[in-house]
Amino acid sequence: MSVTFATIVLPDAVMLSACVVLTLAAVTFVFWIDPDPGDSAPHRSQLDQLLERRDSVYDNLRDLKFENRAGKYAEQDYEQMRDALENEAAQVLLEIENVTGNQAPVARRDPAAAANPRS
């Protein structure tokens with residue numbers, strides 16, 4: 001079995017050309033590709049995130065109400081999902097108040113006063 005010059009040089013040439021192509025692809029990706037405009041956008045503040053979450057919960061409540069009217073859910077399932085979304089909305093609103101520093105008193109009903117309003 002004789003080894004020729006072509007059988008030794010050919011695999012090295014293929015390996016070298018593969019390395020050159022990979023290097024050119026990496027350089028092209030790093031320096032030629034335009035960055036996404038979203039990459040340079042300012043980061044959203046915690047308040048922006050909370051407001052977006054609030055809007056999402058309100059949208060979900062609206063959709064849930066529509067789907068319930070369309071007869072998609074049993075009454076008990078609807079009430080459970082509605083209560084969960086309303087609790088989440090209340091939690092998000094409380095977090096928004098904490099972030100903004102708005103410490104407005106929340107009116108709370110006294111169960112005893114609600115049962116006997118004239119006392």
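Student: Is Glu-95 buried, partly exposed or exposed, and at what relative accessibility?
Tutor: Keep in mind that we're looking at a predicted model. Glu-95 is found in helix α3, which runs over residues 75-100. Buried would need under 20% and exposed over 50%. Glu-95 counts as partly exposed because its relative accessibility is 25%.

Student: Which residues does Glu-95 touch, once residues up to four places away in sequence are not counted?
Tutor: Let's look across to helix α2, which covers residues 46-69. Glu-95 is 49 residues from Gln-46 in sequence, yet their C-alpha atoms are 9.7 Å apart in space. With residues up to four places away set aside, the ones Glu-95 touches are Leu-50 and Arg-53.

Student: What kind of link do the side chains of Glu-95 and Arg-53 make, and what is the N to O distance?
Tutor: In general, side chains of opposite charge can pair when their charged atoms come close. The cut-off for a salt bridge is 4 Å between nitrogen and oxygen. Glu-95 and Arg-53 meet in a salt bridge, with an N to O distance of 3.7 Å.

Student: How many residues apart are the two partners, Glu-95 and Arg-53?
Tutor: Arg-53 is partly exposed, at a relative accessible area of 31%. Glu-95 sits in helix α3 and Arg-53 in helix α2, so to speak distant parts of the chain, and the pair links them across 42 residues.

Student: How many salt bridges are there by this rule?
Tutor: Here are a couple of others. Asp-55 pairs with Arg-54 at 3.1 Å, N to O, and Asp-63 pairs with Arg-62, their closest N and O atoms being 3.7 Å apart. Shared partners also join Arg-53, Glu-88 and Glu-95 into one salt-bridge network. By this rule, the count is seven.

Student: Which residues make up the largest nonpolar core?
Tutor: As a rule, in soluble globular proteins, nonpolar side chains tend to be buried together. The core has six residues in all: Val-57, Leu-61, Leu-64, Tyr-78, Leu-85 and Ala-89.

Student: Which residues does Leu-85 touch, not counting residues up to four places away in sequence?
Tutor: Leu-85 is one of the residues of that core, and it is among the buried residues of α3. Leaving out residues up to four places away, Leu-85 touches Val-57, Asn-60, Leu-61 and Leu-64.

Student: Which helix do the buried residues of α3 pack against?
Tutor: The buried residues in α3 are Tyr-78, Leu-85, Ala-89, Val-92 and Ile-96. The buried residues of α3, in turn, pack against α2.

Student: Is Asn-68 buried or exposed, and what does it contact beyond its neighbours within four places?
Tutor: Asn-68 lies in helix α2. Because its relative accessibility is 18%, Asn-68 counts as buried. Leaving aside neighbours within four places, the residues in contact with Asn-68 are Tyr-73, Glu-75 and Tyr-78.

Student: How far does α3 reach from its first C-alpha to its last?
Tutor: Start with α2, whose 24 residues reach 35 Å, close to the 34 Å expected at 1.5 Å a residue. For α3, with 26 residues, the expected value is 38 Å, and the model comes close to it at 37 Å.

Student: Which residue just after α3 takes a positive phi?
Tutor: There's a glycine to look at after α2 as well: Gly-71 follows that helix with a positive phi near 85°. Just after α3, the residue with a positive phi, of about 80°, is Gly-101.

Student: Which residues make the nonpolar surface patch of about 580 Å²?
Tutor: Look at helix α1, residues 5-31, where Phe-29 is found. Phe-29 counts as exposed because its relative accessibility is 59%. The patch is made by Val-27, Phe-29, Val-30, Phe-31 and Ile-33.

Student: What percentage of the residues in the protein are buried?
Tutor: Stepping back, the protein has four helices and zero strands, in the pattern α-α-α-α. Its accessible surface comes to about 10400 Å², with 59% belonging to carbon and sulfur atoms. Of the 119 residues, the buried share is 8%.

Note on methods
Residues numbered from 1 in each chain as written. Predicted model: local features only at pLDDT ≥ 70, side-chain atom pairs only at ≥ 80, totals over all residues. Heavy atoms only, no water. Helix = DSSP H or I, 4+ residues; strand = E, 2+ residues; numbered from the N terminus. Contact = heavy atoms within 4.5 Å. Buried < 20%, exposed > 50% of the residue type's maximum accessible area, 1.4 Å probe, protein only. Areas by Shrake-Rupley, 256 points an atom, 1.4 Å probe, with all protein chains shown as cover. Core = buried A, V, L, I, M, F, W, Y, C linked by side-chain atoms within 4.5 Å. Expected span 1.5 Å × (residues − 1). Patch = residues over 30% accessible without salt bridge, like charges linked within 9 Å, V, L, I, M, F, W, Y side chains within 5 Å.
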